[in-house]
Amino acid sequence: MLAETLIYATSYFATPEPFRPHIYEAVGLWARGRRQAQAWLPHTRKTASHIERMIAKLPQRRTVVVLGSGPLFDVPVEFLARHFDRVVLVDRAHIAPARRRTRVHANIRHDWRDLSAATMADPLGFLAGMPELDWVISINLVSQLAAGAPFGSERKVVDAHLDDLTRLSCAVSLVTDVSYRTLDRGGSEREQFDLLYGRRLPQPERSWEWEVAPLGEESRATRRVHKVAFYPDWKQAAA
Ligand SMILES: C[S@@+](CC[C@H](N)C(=O)[O-])C[C@H]1O[C@@H](n2cnc3c(N)ncnc32)[C@H](O)[C@@H]1O
């Protein structure tokens with residue numbers, strides 16, 4: 001709890017005023033990621049390694065933008081900094097641990113933005129003005145946009161993000177959790193939830209399970225397991 005309080009305090013003044021309300025939730029996500037580091041490792045390793053492999057396919061490596069970078073659990077940010085001229089990390093919360101990790105890299109920038117179509121007109125419009133943009137990666141963001149959308153507008157927000165990505169002129173990769181199941185101690189399913197609110201996705205190149213909440217994290221009786229899909233070339237997959 002002391003660590004969380006310190007991170008909240010050190011993040012507060014470094015965060016532009018309109019984004020300060022998001023710090024509390026971001027610290028909670030960071031704390032959960034630390035508590036469940038072992039359980040999350042297969043997911044964070046897979047995400048990072050698929051992203052790393054993708055760069056061999058890019059003809060140029062000038063600017064890369066990561067949407068939903070947050071606490072940087074599944075972003076191979078040091079690798080990106082080594083291979084690109086500029087790395088732009090976009091999220092509505094960049095708390096102290098993420099900024100500490102990136103400060104040794106002069107070519108990494110944190111950009112505070114709301115990326116939801118529920119609150120912003122043209123939330124990805126800023127990318128049009130990004131110099132020498134070669135690659136955009138959306139990492140475990142779209143389900144969170146849905147989770148934060150006003151009741152009834154979740155699907156619209158999901159569609160807006162996924163469709164806006166297809167209209168970008170650079171390469172686009174997408175990693176997203178698509179659904180979850182809660183399972184009891186015996187492995188029987190108790191609940192399923194579609195995190196994309198009915199939006200059907202094409203066949204992913206890779207998919208895996210992410211144990212977001214092992215037994216004991218949210219309940220002693222159940223665990224929550226998410227299904228993750230990876231599209232190295234989202235525009236081609238969605239065409
Ligand atoms: C599951 S986390 C992503 C984890 C991250 N990729 C990592 O490597 O740790 C979802 C992220 O979406 C961000 N987010 C949620 N709603 C947002 C919004 N409307 N605009 C921008 N970022 C948002 C959260 O702040 C959070 O960092």
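Predicted model: local features only at pLDDT ≥ 70, side-chain atom pairs only at ≥ 80, totals over all residues.
An oxygen atom of the ligand lies 2.7 Å from a polar backbone atom of Phe73, and a backbone N or O atom of Leu72 is found 3.2 Å from an oxygen atom of the ligand. A polar backbone atom of Leu115 is 2.8 Å from a nitrogen atom of the ligand. On its own the ligand has 600 Å² of accessible area, of which the protein covers 92%.

Helix α2 spans residues 23-35 and has 13 residues. The distance from its first C-alpha to its last is 18 Å, close to the 18 Å expected at 1.5 Å a residue. Buried positions in α2 are Ile23, Ala26, Val27, Trp30, Ala31, Arg32 and Gly33. These buried residues pack against the helices α1 (2-12), α3 (37-54) and α5 (96-102), and also against the strands β7 (206-213) and β8 (222-231).

Cys170 is located in the loop between α7 (154-166) and β5 (171-184). Cys170 counts as buried because its relative accessibility is 8%, under the 20% cut-off. Leaving aside residues up to four places away in sequence, Cys170 touches Leu133, Asp134, Trp135 and Val136, as well as Lys235. Ser49 is 121 residues from Cys170 along the chain, and the C-alpha atoms of the two residues are separated by 21 Å.

Definitions and conventions. Residues numbered from 1 in each chain as written. Heavy atoms only, no water. Helix = DSSP H or I, 4+ residues; strand = E, 2+ residues; numbered from the N terminus. Expected span 1.5 Å × (residues − 1). Buried < 20%, exposed > 50% of the residue type's maximum accessible area, 1.4 Å probe, protein only. Contact = heavy atoms within 4.5 Å. Polar contact = N/O pair within 3.5 Å; in protein donor to acceptor, adjacent residues only side chain to side chain. Areas by Shrake-Rupley, 256 points an atom, 1.4 Å probe, with all protein chains shown as cover.
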